[in-house]
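Student: I have a new model open and would like to learn how to read it. Could you walk me through it, one feature at a time?

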Amino acid sequence: MSGSLDVRGLTAGYRRRRILDRLDLPTFRNGDLVAVVGANAAGKSTFMRAVSGLLPMQGEVRLDGEDLGSLPPAERLRRVGYLPQTLPQASSLVAYESLMAALRTADPSMPRDRIEHRVERVFDDLGLRALAFRPLGELSGGQRQMLGLAQVLARQPRLLLLDEPTSALDLRWQIQVLERVRHTTDAGGIALVAIHDLNLALRFCDRLVVLKDGALLAAGDPLEVLDAELLARAYGIEGRVERCSHGYPIVQADRIARPSETLSTHEANTR
Ligand SMILES: Nc1ncnc2c1ncn2[C@@H]1O[C@H](COP(=O)(O)OP(=O)(O)OP(=O)(O)O)[C@@H](O)[C@H]1O
């Protein structure tokens, strides 16, 4: 179906361990900015790698009705922009050249003037002009993370898969990045963002996927899905979702839950 992402029966893992086992997600549509959340080791990065095509997988990932697994790697690379959790390698290339190189790799047939136009544009959009002629090896961790994102956005992929894109960023740049991603989804894209900061997820994302031990714990509207019980089950904490004085929802983590509080009432009652 056009304008959609469908994940059905996704199974993926590593040589000796299966991590995701027949994962089904709700259909995502154009305009959706999806936060993929869950505790450490829940399977978020494995999910991102599997959907991106970097990790062998079974099941179906359909983008606009087409099975991504059946596309040639170059075509998949054109449609899916994946930002890994690791920062881009430090190198002697300056930032501008690194973006040019990323675009050339993704689409060797793209004319040079179009590449330059896209690179200029993404530097402006992300407010990174000051970094354009700095060698990657001389940038801070946060600056390198921004450049990694710039490399992905400049390719203008149909689907964005961003694994912790704000983990190295200060408050201002966290907002800058998520506003930028929001802009691409408002323009009709689909973006999946693995993120630990639930407050950013609540503020910018319109869909939430919660993973636990490689399985889907919950999915839906972030404000409907995130509540005290989910915080206990997903993270083992006692917490709550409240509104700040500006009206934004915020998650307050109060303390680590006692073991029985990490289970649902039903589970606890039937033990
Ligand atoms: N390269 C690998 N080889 C073997 N096992 C791996 C590998 N990468 C991750 N795992 C395992 O897969 C499971 C899920 O890890 P994953 O990185 O997907 O979790 P995550 O939700 O992204 O965690 P985090 O929030 O800590 O980044 C973990 O048990 C982890 O130990």
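Tutor: Gladly! Let's start with the domains: the centres of domain 1 and domain 2, taken over C-alpha atoms, are 28 Å apart. Domain 1 covers 4–226 and domain 2 covers 227–271, with bounds that come from an automatic or database domain assignment. Keep in mind that this is a predicted model, where local features need pLDDT of at least 70, side-chain atom pairs count only at pLDDT 80 or more, and totals for chains, interfaces and linings use all residues. Residues are numbered from 1 along each chain as its sequence is written.

Student: How many residues does each domain bring to the contact?

Tutor: Two residues are in contact if their C-beta atoms, placed from the backbone, lie within 7 Å. By that rule, domain 1 supplies 13 residues and domain 2 supplies ten residues.

Student: Which elements give two or more residues to the side of domain 1 that touches domain 2?

Tutor: Elements here are DSSP runs numbered from the N terminus: helices are H or I with at least four residues, strands are E with at least two. Those giving two or more residues are helix 7 (198–204), strand 10 (207–212), strand 11 (215–220) and helix 8 (222–225). Helix 7 gives the most, with four residues. This side of domain 1 has nine nonpolar, two polar and two charged residues. In this count, Ala, Val, Leu, Ile, Met, Phe, Trp, Tyr, Cys and Pro are nonpolar, Asp, Glu, Lys and Arg are charged, and the others, Gly among them, are polar.

Student: Now the sheets, please. In what order do the strands of the open sheet lie?

Tutor: Strands of a sheet pair through backbone hydrogen bonds, either parallel or antiparallel. For two strands to pair, DSSP must find at least two bridges between them. Here six strands form an open sheet with mixed pairing, in the order 7-8-9-4-10-11. Strand 7 (80–83) and strand 11 are the edge strands, each pairing on one side only. From one strand to the next, the twist averages 15°.

Student: What is the sense of the pairing between strand 7 and strand 8?

Tutor: Strand 7 pairs with strand 8 (residues 159–163) in the parallel sense, over four bridges. To find the spot on screen, look for Gly81, which stands opposite Leu160 in strand 8.

Student: Which strands does helix 1 lie across?

Tutor: Helix 1 (residues 44–52) lies across strand 4 (33–37), strand 7, strand 8, strand 9 (190–194) and strand 10. Its angle to strand 8 is about 150°, where axes are lines fitted to C-alpha atoms, for helices over the stretch in contact, and angles run from 0 to 180 degrees between N-to-C directions.

Student: And which strands does strand 5 join up with?

Tutor: Strand 5 (residues 57–63) runs antiparallel to strand 1 (residues 4–14), with six bridges between them. Thr11 has Gln58 in strand 5 as its bridge partner. Strand 5 is also antiparallel to strand 6 (residues 66–67), through two bridges, and Leu63 stands opposite Glu66. Strand 5 and strand 6 form a hairpin with two residues between them, and Asp64 in the turn has a positive phi of about 55°.
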